[in-house]
Amino acid sequence: MDDLFANAVRQLLVDQCTTQVVRQIEAGQSAEPLWQFIENAGFADALVSEDGGGAGLTLPELYPVLELCGAYALPLPLAETLLARAFLAKAGVVAPRGSITFGLAATDPGGRVVCDTVRNGRVADWVLVSQASHCLLLPAKEARISEAGFCLDATMEWPAGAREGQQVDCTHDVRTVQACIYAAQLAGALITVFSRTLQYANDRNQFGRPIGKFQAIQHQLSVISEHVSAARMAAQIGCQSVSDMPDRLRVAIAKSRTSEAALEVASLSHSIHGAIGFTAEFDLQLFTRRLHLWRQAGGSESYWYDVLGANLVNHYSGCALDMLRATTDID
Amino acid sequence: MSALDSLSISCIPAEDEALRLPVREFLTRAMRDVPARIRAKSWAGYDTQFSRELGRQGWLGITLPTEYGGGGRSPFARYVLVEEFLNFGAPVGSHWIADRQSGPLILKYGTEAQKKFYLPPICRGEAFFCIGMSEPNSGSDLASVKSRAVKSEHGWTLNGQKIWTTNAQACQFMIALVRTSGDVADRQKGLSQLIIDLSLPGVAVRPITDMSGDSHFCEVFFDEVQLADDALIGEEGKGWEQVTAELAFERSGPERLYSSIVLFDQWLDFIRTESGRTPESLRLAGKIFAQLAPLRAMSIAVTEKLTRGESPVVEAALVKDLGTGVEQMIPAAIADDLFSRAVQNAPLELLQTLNFVTQVAPSYSLRGGTREILRGMIARGLGLR
């Protein structure tokens with residue numbers, strides 16, 4: 001079931017989410033046509049139960065889809081929408097059509113709702129904004145949007161009246177949810193960067209042979225493959241949960257290890273590509289920029305090291321193996 | 001690409017996981033009074049009596065068939081046992097090689113008579129093996145071995161020398177890779193594996209002291225050693241293929257991520273105290289943990305492949321190269337944590353454990369194949385060679 005589903009998603013992304021489309025959306029073209037392909041295919045309801053009109057996948061089963069969103073640099077909040085719709089369904093709220101991303105509200109005495117750096121805020125239809133005790137589902141088009149660090153992200157502000165936007169009774173930890181998503185997307189982008197770098201090493205000739213025949217390049221590619229396989233395993237751990245809600249400690253492993261790998265692999269892949277990989281025209285940058293972006297999104301490695309370290313020291317005594325087992329064993 | 005996405009998160013079957021509780025109870029008692037600096041020797045520490053006791057418990061040769069005295073269990077059963085042994089720092093060195101690779105090798109390639117002769121004492125913790133691969137001029141270039149066995153009237157006459165042979169001074173048997181035909185220029189062709197009884201006339205074993213002061217590896221000399229016909233294990237001339245299969249067992253196990261775990265646990269105990277706890281140490285604990293967790297899941301995924309009879313050579317190389325990197329990072333990072341503090345108050349036991357692990361850590365990425373050999377194997381798996 002999950003393989004069939006993931007293969008269908010892959011095919012749609014191959015056809016519709018080309019690097020040309022990614023560039024166009026980054027440059028400001030509407031993401032709406034691409035979203036319609038996804039919505040019409042029913043992919044955004046994968047986590048919703050079959051009774052509720054979805055595909056009834058579990059979070060571990062969803063992992064390949066999240067990975068694909070990263071592998072194809074999907075410039076839309078599909079991963080976010082998948083989880084948000086599951087949370088809405090659980091809260092008994094009928095999800096509106098359109099994509100949803102996550103926001104975290106800063107307190108504002110004037111009654112406005114202000115969210116710094118909403119990931120994919122510029123291309124989302126809705127933002128599920130977490131407040132102290134509940135969430136608000138707010139329409140993106142009613143927000144005043146200003147720049148954030150990445151072109152698809154945005155800082156968003158709704159006027160005081162927007163508080164009457166739909167209240168949703170859910171209390172997820174935004175950072176944990178984001179870290180789960182972006183760890184899986186990092187794993188996907190890492191695989192793409194690795195495949196492209198391997199291909200380039202086979203194609204590019206210097207000194208009369210492909211550079212991939214040189215031991216120094218081979219060993220760099222081996223190191224990349226080590227990071228990618230560890231990151232991919234970590235990201236899978238991040239999606240192990242008995243519910244739709246990611247488990248914070250497993251996510252901490254996922255996000256910290258994928259973020260570490262992102263830094264190493266981005267650096268090695270650019271090194272192997274030489275100057276061409278550094279150009280806007282060459283596609284590598286679409287993915288290596290995302291390695292850096294998603295390393296930041298949902299907390300960098302040290303944020304999550306602190307979570308893991310505090311848990312290991314405060315809640316365990318004796319051997320670290322016990323926490324390793326608790327976080328890596330699956331049923 | 002296949003080696004990259006072939007490792008999927010896997011679970012240890014419940015019947016194998018059930019071994020953990022009894023083995024942990026046993027180890028909690030057995031290791032109670034052993035200091036961390038001794039437990040830190042990990043699988044380089046050995047104790048013959050301890051191995052016999054594990055044999056009595058039925059925990060040696062657990063993957064070998066019951067008809068030869070084994071446990072008849074899956075590689076996951078061994079995974080659980082070994083994970084506990086390593087985390088407790090149990091002295092498993094005596095039986096380590098026999099249990100990990102010599103037993104499975106004899107089961108796979110041995111004659112019925114060889115299996116009946118060697119496997120039951122391996123399972124009882126009475127027959128200990130070492131691996132005769134490296135020679136003074138054959139390290140990473142293993143195919144250049146020069147030790148030679150020549151067919152004689154009653155068997156083989158062996159001459160040559162092995163080096164860096166772990167624990168040879170305490171073993172009864174060596175499985176050696178030697179040349180049985182052709183010469184060095186024939187490379188992988190003409191090599192065979194022989195089981196050598198180390199008590200035979202003409203065998204001399206000389207321990208080598210390492211930089212930590214221990215003598216866990218040896219030189220072994222063969223001077224006109226007379227071996228019987230049945231010293232040959234497997235097929236004559238197929239030594240290279242057999243050794244390659246053997247190395248998949250050698251490289252894939254949990255010992256490739258837990259070599260510094262006793263030090264890590266000892267340091268965690270310190271940072272759990274009021275005077276040891278700092279924000280920097282919590283962050284470092286998380287960093288080390290974030291490395292170990294995916295590696296453990298990868299090691300379990302590799303074990304899952306072994307249970308299906310696969311030989312995941314490239315995956316094992318990935319895990320070993322990453323794993324030894326973490327094992328070596330642990331003492332380096334812990335030293336920096338302890339000695340970057342304004343107040344340097346770490347307990348003596350922790351410092352001694354740290355110093356021991358620091359001194360043996362270089363061996364982690366040498367034994368069982370250097371980084372360069374492993375990365376070359378991965379590159380071959382990626383189609384670059």
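User: How many residues does the contact take from chain A and from chain B?

Analyst: In this predicted model, 40 residues of chain A and 40 residues of chain B take part; two residues are in contact if their C-beta atoms, placed from the backbone, lie within 7 Å. Residues are numbered from 1 along each chain as its sequence is written, and chains are lettered from A and ligands numbered from 1 in the order in which they are written. Local features need pLDDT of at least 70, and side-chain atom pairs count only at pLDDT 80 or more, while totals for chains, interfaces and linings use all residues.

User: Which helix supplies the largest share of the side of chain A that touches chain B?

Analyst: Helix 7 of chain A does, with 13 residues. Helices are DSSP runs (H or I, at least four residues), strands are runs of E of at least two, and both are numbered from the N terminus.

User: What makes strand 5 and strand 7 of chain A edge strands?

Analyst: Two strands pair if DSSP finds at least two bridges between them. Strand 5 (144-147) and strand 7 (166-168) of chain A each pair on one side only. They belong to an open sheet of 7 strands in the order 5-6-2-1-3-4-7.

User: How do you know that strand 4 and strand 7 of chain A pair?

Analyst: DSSP must find at least two bridges, and these strands have 3 bridges, in the antiparallel sense. A:Leu137 stands opposite A:Gln166 in strand 7 of chain A.
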